[in-house]
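Please consult the sequence and the structure shown below while reading.

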Amino acid sequence: MRGLFRWSGKWWPGVIPLIVLWGFAAWTSTVPLENDLAGRSSAALKGAVLDKTSIAVDGRDVSLRADAFSEAGRRDAVSAVDAVAGVRLVNDQTRLVPEAKPFVWSAERDVVRVTLAGSAPLPALKGRLMEATRAALPGVEVADQMGLARGAPPRFEDAALLLIGQIGKLKDGRFTISDGDVTLTGMARELGGREALAAALGKLPDGFKVANNEVKAPPYIFQAYKDPVAVTVTLAGNVPDENIHAVVVGSSSRKFFNEKVVDNLKNSVGAPTNFVNAVVPALGALSRLSTGTLVVSDRDIKISGDALYDAAAAQIRTGLAKEVPQGWQVKAEITVKPAAAPVDPTVCQQLFTNVLGKAKIRFETGRSDLDRDSTGLLDRMVEIAFRCPAANVEIIGHTDGEGDAAANQVLSQKRAQAVVDYLTRAGLPADRFSAIGYGSTQPVASNDTGDGRAQNRRIEFVVR
Amino acid sequence: MAYLVAFHWGWLAGAFAIGLAMGWVAVVHRAPGVSGWLTWLLAALAAGLVAATAACIVPGRAGYWLELLLILFVPYLLGCAIGTWLRALVVTRSMRQRSAA
């Protein structure tokens with residue numbers, strides 16, 4: 001052993017080739033070693049939930065730069081790299097993903113694409129949101145502008161997926177989640193889209209609420225066109241439901257006594273409030289025109305056409321605006337039809353009888369107030385009365401046999417007078433018309449049947 | 001350490017071979033030995049380097065190269081020892097034979 005120690009003093013010349021060997025080893029092995037460590041460090045981090053991971057190896061020291069989504073996740077990542085065989089030191093440059101306050105996420109739809117932006121809480125969720133968007137809108141480009149941030153409200157994923165499921169209802173616009181508040185803006189694809197969205201968003205998870213729904217729907221259009229040549233009234237566009245559909249068509253049939261009602265309406269949700277209360281008076285105004293068009297777009301009513309005489313035009317212009325509910329706008333472009341040529345009193349009588357053969361002047365039950373549905377008919381009578389300026393006309397009221405005879409006589413008189421008043425308001429001289437009430441004394445049909453009684457309740461125009 | 005051995009076994013074997021050769025030659029070599037105080041100096045230097053490596057004071061590639069140097073010295077010294085021992089054995093035997101003759 002002493003010899004070994006003695007001889008070890010002569011081992012130093014071997015150090016020279018050893019140093020050369022070391023030089024070669026260092027020269028050739030450094031980069032492969034670093035690559036090997038980098039590869040195995042990345043493999044160790046495969047399961048970790050991290051963002052912006054970058055691994056730099058210098059010798060056997062690994063610099064780990066990454067954004068983690070929780071403190072535990074951050075520590076786990078560092079220890080996973082530290083446990084890789086061959087790694088000497090881990091230079092920990094990890095940090096937590098910044099916390100977003102408020103946590104904002106949005107999905108925006110425009111003509112060509114859907115853009116998801118804002119913050120997502122986890123990379124995997126980001127992927128799921130993208131996938132859900134592609135599934136919801138096949139064939140539409142989906143752009144990802146989402147960053148990652150901590151601080152998402154609980155059940156964020158459910159809320160975001162619910163919104164993505166609804167994005168097909170938008171033509172363009174944006175859904176935004178800001179903490180628990182959901183804001184909707186844009187234009188719905190279809191009528192009623194806004195309401196459908198509001199209904200779907202009723203299922204938002206707890207903690208989320210719709211703060212603002214500013215989604216607009218395409219205009220809700222209703223149209224009616226009175227064609228004097230075809231003798232039709234064509235109804236087109238939308239009505240809210242089957243009941244209102246029936247009300248509109250029924251009301252049109254009564255108002256347009258002479259024309260055939262062509263019903264091209266379809267039922268769609270999304271009507272403005274008070275739709276029927278605005279459309280029925282507007283149809284009443286249209287029934288007073290000889291030819292005309294009515295267009296209701298959302299809450300704007302536009303009526304144009306020819307009134308039968310001057311006073312009617314003035315009444316429509318000012319009256320319709322008062323009849324429609326508050327918040328509705330009326331634009332009336334009414335001209336007056338040129339007066340027809342005067343005719344003999346006998347022709348006048350014939351014209352009166354013709355018109356009254358098609359429809360009857362109606363009153364409110366048991367009262368002498370003219371039914372609004374008869375305004376169109378009365379305007380026809382006025383137009384005819386203007387054509388025979390020389391004729392004196394008796395307006396005769398009849399009732400059915402129900403009730404007290406004296407009361408019936410008074411009622412028939414009052415009803416006849418109501419018609420005379422209407423004619424006078426239309427600009428006809430009052431002295432040409434006299435109101436007579438015969439009560440139930442001159443029935444034209446049996447008072448035993450409902451049908452007969454209806455025939456007996458009538459107003460007659462008799463030219464003297 | 002196991003990783004370094006596994007990764008550099010070829011270089012380590014080379015160092016061992018150099019050591020073996022050096023050890024074999026050292027017994028009959030006429031070069032001057034390292035003086036006593038220099039031995040202590042070198043031992044202190046080696047201890048210092050080992051301590052620095054153990055404490056991971058030298059960073060990055062330089063640290064790795066230092067580790068590599070130290071780890072190459074282990075088989076080298078081992079090779080020297082074995083080589084010297086074997087040569088000493090051979091020399092002793094031949095000297096006995098000669099003196100017997």
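## The largest pocket

In this predicted model, the largest pocket holds about 820 Å³ of space. It is lined by 23 residues, and those closest to its centre are L42(B), A43(B), A46(B), F73(B) and L77(B).

Both chains take part in the lining: α1 (2-8) and α2 of chain A, and α3 (36-54) and α4 (60-100) of chain B, each give two or more residues. The element that gives the most is α3(B), with 8 residues. By class, the lining of this pocket comprises 19 nonpolar residues, 3 polar and 1 charged.

## The cavity

The structure contains 1 cavity of 30 Å³ or more, and the largest cavity has a volume of about 50 Å³.

Residues of chain A line the largest cavity, among them K226(A), K255(A), E259(A), R288(A) and R380(A). The lining of the largest cavity divides into 5 charged, 4 nonpolar and 2 polar residues.

## Helix α3 of chain A

How far apart are the end C-alpha atoms of helix α3 of chain A? They are 17 Å apart, which agrees with the 16 Å that its 12 residues (71-82) should span at 1.5 Å a residue.

The buried residues of α3(A) are R74(A), A77(A), V78(A) and V81(A). Because they cover an arc of only 95 degrees around the axis, they lie on the same side of α3(A). These buried residues pack against α2 (15-44), β1 (50-58), β2 (61-68), β3 (89-92) and β4 (95-96) of chain A.

Conventions. Residues numbered from 1 in each chain as written. Chains lettered and ligands numbered in written order. Predicted model: local features only at pLDDT ≥ 70, side-chain atom pairs only at ≥ 80, totals over all residues. Heavy atoms only, no water. Helix = DSSP H or I, 4+ residues; strand = E, 2+ residues; numbered from the N terminus. Expected span 1.5 Å × (residues − 1). Buried < 20%, exposed > 50% of the residue type's maximum accessible area, 1.4 Å probe, protein only. Arc of directions from axis to C-beta. Contact = heavy atoms within 4.5 Å. 1 Å grid on protein atoms, 1.4 Å probe; cavity = no way out; pocket = protein on both sides within 12 Å on 5 of 7 lines; lining within 4 Å. Points joined across faces, edges and corners; volume = space filled by probe spheres on them. Nonpolar A, V, L, I, M, F, W, Y, C, P; charged D, E, K, R; others polar.
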